[in-house]
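Okay, everyone, thanks for coming. Let me put today's structure up on the screen, and then I'll walk you through it.

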Amino acid sequence: YRVSGTASQETMGPITSNTMTGEPVGLELWIDAANWNLHRVVVTEPESSGKDEPATWTMNLSNHDEQVPIEPPI
């Protein structure tokens, strides 16, 4: 499924480290219909941001439920 919508700058701030400005922030989600895994998220800064080139972030997600070893720093 492809789901589109918008969110407020306040809602998206924690996700973007408050780097996206303006409202509303555009969202597109790609969801696998078979298992409901989220495969892609596109976050789009609106034209109202006042920037010459509003940002677009694309995050591709894969290897769902795969174990990831995390080693503490030395």
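So, the radius of gyration here is 15 Å, whereas a compact globule of 74 residues would have one near 11 Å. That radius is taken over C-alpha atoms, and the globule rule is 2.2 Å times the number of residues to the power 0.38. Along its principal axes, the C-alpha trace spans about 40 × 40 × 20 Å.

Quick housekeeping before we go in. This is a predicted model, where local features need pLDDT of at least 70 and side-chain atom pairs count only at pLDDT 80 or more, while totals for chains, interfaces and linings use all residues. Residues are numbered from 1 along each chain as its sequence is written, and side-chain values use heavy atoms, with hydrogens and water left out.

How much of the protein is buried? Of the 74 residues, 22% count as buried. Here buried means under 20% relative accessible area, exposed means over 50%, and partly exposed is in between, with a 1.4 Å probe and protein chains only. The protein exposes about 5600 Å², and carbon and sulfur atoms supply 53% of that. Those areas come from the Shrake-Rupley method with a 1.4 Å probe; for residues, only the protein chains shown count as cover.

Let's go inside. The largest nonpolar core has six residues: A7, M12, M20, V25, V41 and V43. By nonpolar core I mean buried Ala, Val, Leu, Ile, Met, Phe, Trp, Tyr and Cys residues joined through side-chain atoms within 4.5 Å. Take M20 from that set: leaving aside neighbours within four places in sequence, M20 is in contact with Q9, V25, V43, T44, E45, A55 and W57. Contact, by the way, is heavy atoms within 4.5 Å.

E45 shows up again in the salt bridges. There are two of them in the structure, a salt bridge being a side-chain nitrogen of Lys or Arg within 4 Å of a carboxyl oxygen of Asp or Glu. K51 pairs with E45, with the closest N and O atoms 2.8 Å apart. And are those two buried or exposed? E45 counts as buried at 3% relative accessibility, while K51 is partly exposed at 35%.

In the other bridge, E28 pairs with R2, with the closest N and O atoms 2.2 Å apart. That one links distant parts of the chain, since R2 sits in strand β1 (residues 2–7) and E28 in strand β2 (residues 25–31), 26 residues apart. R2 itself is exposed, at 54% relative accessible area.

G5 is partly exposed at 32%, and T6 is exposed at 56%. Not counting residues up to four places away, G5 touches V25, G26 and L27, and T6 touches P24, V25, G26 and L27. For scale, T6 and E71 are 65 residues apart in sequence and 37 Å apart in space, C-alpha to C-alpha.

Last stop, the outside. W36, in the loop between β2 and β3 (38–44), is exposed at 61%. Y1, V3 and W36 form a nonpolar surface patch with about 380 Å² of accessible area together. Patches use residues with over 30% relative accessible area and no salt bridge; like charges are joined within 9 Å, and nonpolar side chains (Val, Leu, Ile, Met, Phe, Trp, Tyr) within 5 Å.

Notes
Helix = DSSP H or I, 4+ residues; strand = E, 2+ residues; numbered from the N terminus.
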